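Please read it alongside the sequence and the coordinates shown here.

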Amino acid sequence: MKKVFLALAVVAMFSFVACNGNNEAQDTTAAPEATVVDEPVQEPACDEATAETMTEDAAAETEAPVAE
């Protein structure tokens, strides 16, 4: 039991050292500049044939036998 408390104390000491022992958040990174994209986003084309093959593939995957 003593070893567990010693291990927790060591981990706590390392965590305080890593955080400099204070609760203040220090933001040292600069905010990235906002980029504007002029190209419109295109929706993926999906016709009935593609939707049917996707449905059949999903159904075939779920019909696989389950190993016991």
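**Structural briefing**

The protein chain contains two helices and zero strands. The model is predicted. Of the 68 residues of the protein chain, 0% count as buried.

**Helices**

- Helix α1 covers residues 2–18, and Met-1 lies in the segment before it.
- With 17 residues, α1 reaches 24 Å from its first C-alpha to its last, which is close to the 24 Å expected at 1.5 Å a residue.
- Helix α1 is hardly covered, as the count of buried residues among its 17 residues is zero.
- Helix α2 comprises residues 48–62, and Glu-48 is found in this helix.

**Solvent exposure**

- The protein chain exposes about 7300 Å², of which carbon and sulfur atoms supply 60%.
- Met-1 counts as exposed because its relative accessibility is 73%, and the cut-off for exposed residues is over 50%.
- Glu-48 likewise counts as exposed, because its relative accessibility is 64%.

**Nonpolar surface patch**

- Met-1, Val-4, Phe-5 and Leu-8 form a nonpolar patch on the surface.
- Together, the residues of this nonpolar patch have about 480 Å² of accessible area.
- One of the members of the patch is Met-1, a residue placed in the segment before α1.

**Negatively charged surface patch**

- A patch of negative charge on the surface gathers Asp-47, Glu-48, Glu-52, Glu-56, Asp-57 and Glu-61.
- Among the members of this charged patch is Glu-48, which belongs to helix α2 and has 64% relative accessibility.

Terms used
Residues numbered from 1 in each chain as written. Predicted model: local features only at pLDDT ≥ 70, side-chain atom pairs only at ≥ 80, totals over all residues. Heavy atoms only, no water. Patch = residues over 30% accessible without salt bridge, like charges linked within 9 Å, V, L, I, M, F, W, Y side chains within 5 Å. Areas by Shrake-Rupley, 256 points an atom, 1.4 Å probe, with all protein chains shown as cover. Salt bridge = Lys/Arg side-chain N within 4 Å of Asp/Glu carboxyl O. Lys, Arg positive; Asp, Glu negative; His and termini not counted. Charge placed at Lys NZ, Arg CZ, Asp CG, Glu CD. Helix = DSSP H or I, 4+ residues; strand = E, 2+ residues; numbered from the N terminus. Buried < 20%, exposed > 50% of the residue type's maximum accessible area, 1.4 Å probe, protein only. Expected span 1.5 Å × (residues − 1).
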